[in-house]
Amino acid sequence: LRGDLANAEGRLGEARNLYKQALKQGPMSARAIKLAMVERRAGNPDAVSTLQAWLADHPDDVAVRLAVADARLSAQDHEAAQGEYEKIIQIVPENVVALNNLAWLLWQSGNVTAALPHIKTALELAPESPQVQDTAGSVFLAAGDAKSAAALLRRAAEANPQDATIRYHLAQALHAVGESKQAYQILEQVLGDGEPFPERQQAEVFFKQLNG
């Protein structure tokens, strides 16, 4: 608790030491994750190493392995992240986060065929999740099922209307099913907001194509 307080107040060095003490006195995955998170906030390159050291003794700890995978994903180390998500699914085949993120990584790498079974399972387990709907819509569109993609992405955008990435993906799907006017209107609003999002550059290129 003292570590949590120090972390919340930005005293990262103190929080790190307190979490280390807690971890020595009573090893718990939650404490290992907290230690890694504060090290990451402090810019310590050993953040992931802390979690990997834990996994060496607790290889089936899904919570810690998921934290490692997410850290790898944030660092754009897609190959390492994919490997961690695959291990999680081996341990817990119905882990929605791992299924969704693995499908996303496979789609990003162009391996749509491999992504499909993972995202279909995730969609069965969490049909109302906007994140899963977004990934599923993108994978289905890449697989040639634009109609299903548009339906899923509409639902995702309705549930999460402020997410520019989802709305960009929806515009792509709408264009694919012949609703280019609505796709243009969505992109016009998304880009007009001026807010940054990961796919903004691609969205601007697509918008120019629609406008041309």
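By class, four nonpolar, three polar and four charged residues make up the lining of the second largest pocket (Ala, Val, Leu, Ile, Met, Phe, Trp, Tyr, Cys and Pro count as nonpolar, Asp, Glu, Lys and Arg as charged, and the others, Gly among them, as polar). The model is predicted, so local features need pLDDT of at least 70 and side-chain atom pairs count only at pLDDT 80 or more, while totals for chains, interfaces and linings use all residues. Residues are numbered from 1 along each chain as its sequence is written, and side-chain values use heavy atoms, with hydrogens and water left out.

That second largest pocket has a volume of about 240 Å³. A pocket here is an open set of points on a 1 Å grid over the protein atoms alone, where a 1.4 Å probe fits, with protein on both sides within 12 Å along at least five of seven lines; lining residues have an atom within 4 Å of a point. Points are joined across faces, edges and corners, and the volume is the space filled by probe spheres set on them. Helix 2 (12-25) gives the most to this lining, with five residues; helices are DSSP runs of H or I, at least four residues, numbered from the N terminus.

The largest pocket holds about 480 Å³ of space. Of its 20 lining residues, Trp104, Asp134, Thr135, Thr165 and Glu199 are the closest to the centre. Its lining has five nonpolar, eleven polar and four charged residues.

Two aromatic pairs turn up in the whole structure (Phe, Tyr and Trp rings, the six-membered one for Trp, with centres within 6.5 Å; stacked if the planes are under 30 degrees apart, edge-to-face over 60, tilted for the rest). Tyr168 and Phe206 sit edge-to-face, 6.5 Å centre to centre with 70° between the planes. Tyr168 belongs to helix 11 and Phe206 to helix 13, so this pair ties together parts 38 residues apart in sequence. The Tyr184 and Phe207 pair is stacked, because the ring centres are 4.8 Å apart and the planes at 25°.

Terms used: Helix = DSSP H or I, 4+ residues; strand = E, 2+ residues; numbered from the N terminus.
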